[in-house]
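Please open the model in a viewer and keep the selection panel at hand. The stops below are arranged so that each selection leads to the next.

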Amino acid sequence: MTKIAAIVGGGVIGGGWAARFALMGWNVQVFDPDPEAKRKISEVMAGAERALPMLYEAPLRARGKISFHQTIAEAVSGAQYVQESVPERLELKQKVYAELQAHCSEDVVLASSTSGFKPSELQEGAARPGQIIVAHPFNPVYLLPLAELVPGVNGAPETVEKAREILIDIGMYPLHVKAEIDAHIADRFLEAVWREALWLVKDGIATTEEIDDAIRYGFGLRWAQMGLFETYRVAGGEAGMKHFMAQFGPALKWPWTKLMDVPEFNEELVDLIAGQSDAQSGHMSIRELERLRDDNLVAILRALKGQNAGAGKLIADHDATLRAPLGGEVPLVTVRRTVPVDWTDVNGHMNEGRYGQVFSDASEELMFHVGADRDYIAAGNSYFTAETGVKYVLETHAGEGFYVETRVALGQGKKLRLLHEMKRAKDDALLATCDQFLLHVSLETRKSCPPLPQVLQAVEALAAKHAD
Ligand SMILES: NC(=O)C1=CN([C@@H]2O[C@H](COP(=O)(O)OP(=O)(O)OC[C@H]3O[C@@H](n4cnc5c(N)ncnc54)[C@H](O)[C@@H]3O)[C@@H](O)[C@H]2O)C=CC1
Ligand SMILES: C[N+](C)(C)CC(=O)CC(=O)[O-]
């Protein structure tokens, strides 16, 4: 069955959803009355196409098609999942759901991006309330995995389960919020922080830039990997959470927050904040800021992936589901991926050290292909690289797709010689070559020895096949 997602409302958030679905192999059908919607989505898509594949070591699925439609009826035709991202106005959303339900069968998931409405508010007066749930994402939707999944009391369990499976399929982390409240879980925090920040600026305590510094140089980094409670548990020292609470509990009675009061949101405050924000970041366009944000998020997420922690673990697990075993083609395509932003150096291109990683990954894939896999290695045998010669032919940059073709030039006894060619995906231009000599070893003696017969046979067969 062709996977089809309908995107109703294609602004900042709808565009992000469209990009994530399409890059994860879903066909996307958009309805947005704005004549500029197509241009806006193609700009979001350009950013997403550059950034999202950088998170993965495996190639993403073949990209889905994005099409634009004149009516909701056309946009939802054949869709299994509908993501509504129209402006945050309840009467508008309810009107849209009435139309969606008129054109969708009951097995289609109708999910809302609403930042704050409760599902029961969206479901009010609906023909089939159970079909409407909240899937609240975070900007940029194509990079941040969280979607708060809120069914409310009326949300049908089968709708929630279907939504959960689909969100996992596109690499997201559905957080099931069991009770409905205004602004769900995460926007409660954001609202609290936002209110405090408004007061700090209004009272002249800090500028927008100083507040951003207070977050990005400190607790923002902690939150990205451990959240709030785990971080504070550690802050309690050896005595842990109880000690932390004993020390900071009394602060609840001190004037440490102005949360109950809201500063008057008048023109003066808006001008003050907008002016400071211009002074802080006005030298960069929104597109430039988006690119900076995306590159930093990719680097942070990749670092967490390396640690198998937090959102990085989620991406590593999703990556594993995208990997496919090598085919029988000659030469073998052993690597297919995108240059991530954290692989580039002062010259703005892929650093030479990363070529070692690429060719090492290529030979590991080949080893697994001939049966020298994890079980074989665990049983005490493997290949070690004895010599590598790399030639750098053309530059490659962050966001560029490439692949590696590998040939077995020699497969004789304990000797294995591989010739790798790294090529640019868009035009097959040769980027680099690697001549790699490996020796089969016993992991017990750490000395060379012949491979086990089945591996030797597979290596010899490949050498014969690649002889030309
Ligand atoms: N911007 C943000 O940071 C986040 C926003 N959200 C939520 O996502 C939803 C959309 O917000 P944004 O994308 O920021 O707004 P936006 O203003 O960027 O986009 C809204 C889009 O909906 C379109 N639209 C208006 N009426 C429509 C209709 N009847 N049918 C189809 N499309 C229609 C508009 O033309 C526009 O392109 C809101 O519910 C918001 O709370 C959720 C997470 C983050
Ligand atoms: C400000 N906001 C309420 C629209 C924020 C969100 O809903 C989530 C986000 O991406 O920050």
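**Conventions**

This is a predicted model, in which local features need pLDDT of at least 70 and side-chain atom pairs count only at pLDDT 80 or more, whereas totals for chains, interfaces and linings use all residues. Residues are numbered from 1 along each chain as its sequence is written, chains are lettered from A and ligands numbered from 1 in the order in which they are written, and side-chain values use heavy atoms, with hydrogens and water left out.

**Stop 1: the whole chain**

Display the C-alpha trace of the protein chain; along its principal axes it spans about 80 × 55 × 45 Å. A cartoon view shows 16 helices and 14 strands; these are DSSP runs numbered from the N terminus, with helices being H or I of at least four residues and strands E of at least two. Of the 468 residues, 42% count as buried, where buried means under 20% relative accessible area, exposed over 50%, and partly exposed in between (1.4 Å probe, protein chains only). The chain exposes about 24,200 Å², of which carbon and sulfur atoms supply 56%; accessible areas come from the Shrake-Rupley method with a 1.4 Å probe, and for residues only the protein chains shown count as cover. Among contacts (heavy atoms within 4.5 Å) between residues at least 6 apart in sequence, 70% join residues at least 24 apart.

**Stop 2: the open sheet**

Select strands S1 to S8. They form an open sheet in the order S3-S2-S1-S4-S5-S6-S7-S8, with mixed pairing; two strands pair if DSSP finds at least two bridges between them. At the edges are S3 (66–69) and S8 (173–176), each of which pairs on one side only. From one strand to the next, the twist averages 25°; axes here are lines fitted to C-alpha atoms (for helices, over the stretch in contact), and angles run from 0 to 180 degrees between N-to-C directions.

Valine 82 faces leucine 110 of S5, and glutamine 83 faces alanine 111 of S5. With side chains shown on S5, Val109 and Ala111 point one way and Leu110 and Ser112 the other, and all are buried.

**Stop 3: helix H2**

Select residues 37–51. Helix H2 has 15 residues and reaches 21 Å from its first C-alpha to its last, close to the 21 Å expected at 1.5 Å a residue; the expected span is 1.5 Å times one less than the number of residues. Its buried residues are Ala37, Ile41, Val44, Met45, Ala48, Arg50 and Ala51. Their cover includes helix H1 (12–23), strand S2 (27–31), S3 and helix H12 (286–306).

**Stop 4: helix H16**

Move to residues 453–465. Which residues of H16 are buried? They are Val455, Leu456, Val459, Leu462 and Ala463. These residues lie on the same side of H16 because they cover an arc of only 130° around the axis, the arc being that of the directions from the helix axis to the C-beta atoms. On the other side, Pro453, Gln457 and Ala464 are exposed. The buried residues of H16 pack against S9 (332–338), H14 (352–369), H15 (374–378), S10 (381–392), S11 (401–412) and S12 (415–424).

**Stop 5**

Asparagine 381 is in S10 and is buried, with a relative accessible area of 12%. Beyond its neighbours within four places in sequence, asparagine 381 is in contact with Tyr376, His440, Val441, Ser442, Leu443, Cys449 and Leu452.

Threonine 388, also placed in S10, is partly exposed at 44% relative accessible area. With neighbours within four places in sequence left aside, threonine 388 is in contact with Cys434, Asp435 and Gln436.

**Stop 6: backbone sites in loops**

Between S6 (132–136) and S7 (146–150), select proline 140 in the loop; a cis peptide bond joins asparagine 139 and proline 140, with omega about 5°. The bond from valine 330 to proline 331 is also cis, with omega near -10°, and proline 331 is in the loop between H13 (310–322) and S9.

Finish in the loop between S8 and H7 (186–202), where alanine 183 lies. Its phi is near 70°, a positive value in a residue other than glycine. Histidine 184, in the loop between S8 and H7, has phi near 55° and is buried, with a relative accessible area of 0%.
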